[in-house]
Amino acid sequence: MDEEYKALTQTLHAFYTFDRWSYEQIYKPKSIKYKTLSAEEQRLLDFYPQFLSNLEQCMGINDSFTKNLALVAAQDWGVPTSPDEWAPSSHHELDKVRSTLLQLAREWSSDGVQERQNTYGRIIEAIESRISKKSRILVPGCGLGRLVYEFVRRGYWTQGNEVSYHMLLTSGFVLNRMPMAHSHSIFPYMFKSSHVARRLFQVRAVTIPDESPHKIFEGDENQEAGDLMSMVAGSFVDLYGPRDLALSEAYTDDANAAEFRGENAEAFDAVTTCFFLDTAHNVIDYIKTIHHCLRDGGLWVNFGPLLWHYEGDSTALEVTRSTGENEKETMNTIMQGMELSRDELFSLIEKMGFTFEESESGNSTTYCGDPKALGNFVYDAEFWVARKIPEKNYDQTDER
């Protein structure tokens, strides 16, 4: 079975069978626990049977949503719509469906308004105050496409890039198949029982989308808004990076990818990264890629923490580097090991051809938080606006 087909259908299978996983993860343990209590203890928790019934209803509604998404996505992606022909999903793939429901609440529900204002709002403000409409913007790690949508709605030509099939399938479902606001209900918070003030908060519905994605077509001036939006699936460095990065799972010698990389050299007026930079196992590759696809004088606007995703991950990684003309060397490395401090990262960014116009630390925000929870994890994120130094000016700086 082709690896890409396997990865795609594993994701479809995870969405389709999510109800079974939900039952095993959330309903079954609580049901077993309650049944082992004495009759007296059960009377003390007389609300619990109703709570279990509510969980069943939540799972049923989530099941309708995720099954529908899987079948529609399979049709849209041109794969068989029979789940029997899909690769079986792993626990990891199923757990990512759970986090995708939270991501839907963050990007496409009224529960996520404050988070979006704290993060996307800062990025959009920086862009609108510096570059004109119709400028070309790239959003790597675009998730479920809300930031892409917001830029398009404001008249910018915007391309989203995403590598996760969970995000790609779900964003396509929202952007292309949800013409009406509040047309779907999901229960993203049912899996977390800690920091709950009222039990009904855990089993409350979230309606999506909070506004119709088709809103970008409203008004005569927006009739061509569809031409301003595009989504590209694949690794950021593979599709937008410069020549001769080390070959790895993330950067290949695929001819189509190489051609696309060439087309994207200095193609964008701005690159915006939100909760993305720390997903790199080699942040130098990310910065090289951002530099490569920006025009001279182009903007890099970033918002996010330095929570390096691969810290502590000793998974083996094979990389192949050029050592001379027609010569290559293959080496084994691991995912962790390049977790830079803020000062080190800023120094690196400047060495690689950027100058900071604005930077601010300590921007507090949650990520996929529950606004009704008694506690959420809060990030102190970094925000900056950096500009790509024109090549001739960069050379002169180096000489000094």
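This is a predicted model: local features need pLDDT of at least 70, side-chain atom pairs count only at pLDDT 80 or more; totals for chains, interfaces and linings use all residues.

Q: Salt bridges to start, then. How many does the structure hold?

A: There are 26 salt bridges in it.

Q: Which residue does E266 pair with?

A: E266 meets K388 through their side chains, at 3.9 Å from N to O. That pair links distant parts of the chain, 122 residues apart: E266 is in the loop between α11 (255-263) and β6 (268-274), and K388 is in strand β11 (residues 379-388).

Q: And is K388 buried or exposed?

A: K388 counts as buried because its relative accessibility is 2%, under the 20% cut-off. E266 has a relative accessible area of 48%, so that one is partly exposed.

Q: Which other residue forms a salt bridge with K388?

A: D296 does, and the closest N and O atoms of that pair are 3.9 Å apart. D296 sits in strand β7 (residues 294-304) and K388 in β11, so this bridge ties together parts 92 residues apart in sequence. D296 is partly exposed, at 32% relative accessibility.

Q: Which residues are linked in a network of salt bridges?

A: R116, E128, R146, E150, R153, R154, D210 and E211 are linked that way.

Q: OK, switching to helix packing. How is a packed pair of helices described, in general?

A: By the angle between the two axes and the distance between them.

Q: So what are those values for α2 and α4?

A: Helix α2 (residues 18-35) packs with helix α4 (residues 48-76) at an angle of about 175°, and the axes are 10 Å apart. The two helices are therefore roughly antiparallel to each other, because angles over 145 degrees count that way.

Q: Which residues make the contact?

A: From α2 you have F18, D19, S22, Y23, I26, Y27, K30, S31 and Y34. The α4 side brings Y48, P49, F51, L52, L55, E56, M59, D63, T66 and K67.

Q: How do the residues of that contact divide by type?

A: The α2 and α4 contact has 11 nonpolar, 3 polar and 5 charged residues.

Q: Now V97. Where is its place?

A: In helix α5 (residues 91-108). V97 is buried, with a relative accessible area of 0%.

Q: What does V97 touch?

A: Not counting residues up to four places away in sequence, V97 touches A14, F15, F18, T66 and H166. F18 and T66 also turn up in the contact between α2 and α4. As for F15, it is 82 residues from V97 along the chain, and their C-alpha atoms are separated by 6.3 Å.

Q: And N161, where does that one lie?

A: N161 lies in strand β2 (residues 157-162). N161 is buried too, with a relative accessible area of 1%.

Q: What does the side chain of N161 reach?

A: The backbone oxygen of V232, at 3.2 Å. Leaving aside its neighbours within four places in sequence, N161 is in contact with residues including L138, P140, C142, V232, S235, F236 and Y240.

Q: Last topic, the backbone. Which peptide bond is cis?

A: The peptide bond from I208 to P209 is cis, with omega near -15°. P209 lies in the loop between β4 (206-208) and β5 (229-233).

Q: What about phi at K134?

A: K134 has a positive phi of about 75°, and it is not a glycine. K134 is found in the loop between α6 (113-128) and β1 (136-140), and with a relative accessible area of 57% it is exposed.

Q: And phi at C368?

A: C368 isn't a glycine either, but has a positive phi of about 55°. C368 is in the loop between β10 (354-365) and β11. C368 counts as buried, at 16% relative accessibility.

Notes. Residues are numbered from 1 along each chain as its sequence is written. Side-chain values use heavy atoms; hydrogens and water are left out. A salt bridge is a side-chain nitrogen of Lys or Arg within 4 Å of a carboxyl oxygen of Asp or Glu. Helices (H or I, at least four residues) and strands (E, at least two) are DSSP runs, numbered from the N terminus. Buried means under 20% relative accessible area, exposed over 50%, partly exposed in between (1.4 Å probe, protein chains only). Contact means heavy atoms within 4.5 Å. A polar contact is a pair of N or O atoms within 3.5 Å; within protein, one must be able to donate a hydrogen and the other to accept it, and residues adjacent in sequence count only if both atoms are side-chain atoms. Axes are lines fitted to C-alpha atoms, for helices over the stretch in contact, and angles run from 0 to 180 degrees between N-to-C directions. Angles under 35 degrees count as roughly parallel, over 145 as roughly antiparallel, 65 to 115 as roughly perpendicular and the rest as oblique. Ala, Val, Leu, Ile, Met, Phe, Trp, Tyr, Cys and Pro count as nonpolar, Asp, Glu, Lys and Arg as charged, and the others, Gly among them, as polar.
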